[in-house]
Amino acid sequence: MMLSRRQMRRLINSVYGANNKYGKELDRLYKRASRQIKGEISTFLSSQDSWSGKPSEDDLEDVRRQLESINNDDVSSLVNASIAMITLGHPKNSDLEIARISIPMINVAKQQHRQLRRMAGDVPKQVQKISHIQQSVTPEYHQLPFNYDLMLQHSVSRAIDSYDSSQNNINGTIQSAISRIKDVAKQASQSKDASIDWAKKVDRILTGTNTSGGASGTAQRIIRTEACRDLNSSTIDDYKARGVSKYRFMSLEAENSCVECTEIDGNTYDVDDAQEGVNLPPMHPNCQCWIVEVAESDDDLPTVDEMINDDNFE
C-alpha cells in the first residue's frame, strides 16, 4: 500500500524542508568567513608589507600549526595545498596571506561535509519512520517484513560509510573561491587606485549578489541535490525491502520545473531498473523531484485518505 498524501508530504517536507535549515546555517558560515577574510586582508594592507616580500619563520610556523589543527579526511586536500604553499620552496608574504585566508574557508568546508554526512544518515531514518507510521495505520495494506528495520539500518550504515567527500565538489568550490579571493587580495595590495572596493568583491565571491548566490549559493545547491539523492535512494531501498516492484516519477510542479523532469512526470518504472539521472531523481543539480510507489492493485484499493480521517495521521 502506498503512502497517503499526508505521509508523503511529511516525508518530502522533512527532507527538503531541512534544506532551509542547512541553507541558513551555510549563509551564516559564509558571512562569518567573509568578515574574517576581510579583516585578514585589511590587517595585511595596514602593515604595508610587500606582497612579494619574505615572511617571518614564526608567522609561517604559526599558520602551519593552525592548518594542521583543522585538518581531517574531508578537507585534507585543501589543508595540504595550503601547507605546501608555506613550507615548500621560498614562501612569500602572498603565500602566507592566502594560507591565512584559507583557514576560515576550510572551516566552512568542514561544516558542509558534516551537514551532508548527517543528512546521509538522517534521511533513511525518516523514510523508515514514515513507513512504520503508515504500517500502524493500515497494517493490512502496508506490510513490513520482519527484518525491515535491519534492512533499513544497513541502508543507513551504507549511506554513512559510503560518503565520499571527493564526489560532491565541496572542496573544489572552496578552492575556487580561495583562488578568486587571492586575486582580489593581490590587486588590493598592489594597486594604487583607492577607489577599488576590494571588500565588496570578497562579499560577492562568497555571498553573491542579487542575481548570483556566490560560493554560498553553490553550497546550497549541493546540499539540495544531495538531499534529493538521499531521499530517493533511501525510498528505493524501502521499496526493495517491502517487495514493491514499480514506482512513479513525480516532478516538482512549479514554474521553474525543468523540461527534462516535466517530460517524464508520471512515468512508471521498475524498481530494479532505477537509475539516477535516467529515471530516478536527482536528474540534475538542484533537482527536487521524488518518487511514489505503484501498487499492483492500485485500481482496486481505496487510498488511505479515503479510508480514514486525516486527523489520525497526526
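**Reading the model**

A: About 30 Å³ of space lies in the largest cavity. On a 1 Å grid over the protein atoms alone, a cavity is a set of points where a 1.4 Å probe fits but cannot get out; the volume is the space filled by probe spheres set on the points, which are joined across faces, edges and corners. This is a predicted model: local features need pLDDT of at least 70, side-chain atom pairs count only at pLDDT 80 or more, and totals for chains, interfaces and linings use all residues. Residues are numbered from 1 along each chain as its sequence is written, and side-chain values use heavy atoms, without hydrogens and water.

Q: Which residues line the largest cavity?

A: Lining residues have an atom within 4 Å of a point. Here they are L26, Q112, Q115, L116, I170, A219, I222 and I223. The elements giving two or more residues to this lining are α5 and α9 (214–242), where helices are DSSP runs of H or I with at least four residues, numbered from the N terminus.

Q: Is H142 buried or exposed?

A: Buried means under 20% relative accessible area, exposed over 50%, and partly exposed in between (1.4 Å probe, protein chains only). H142 is buried, at 0%, and belongs to the loop between α5 (93–137) and α6 (148–161).

Q: How far apart in space are H142 and S131?

A: Their C-alpha atoms are 8.0 Å apart, with a sequence separation of 11 residues.

How values were computed:
1 Å grid on protein atoms, 1.4 Å probe; cavity = no way out; pocket = protein on both sides within 12 Å on 5 of 7 lines; lining within 4 Å.
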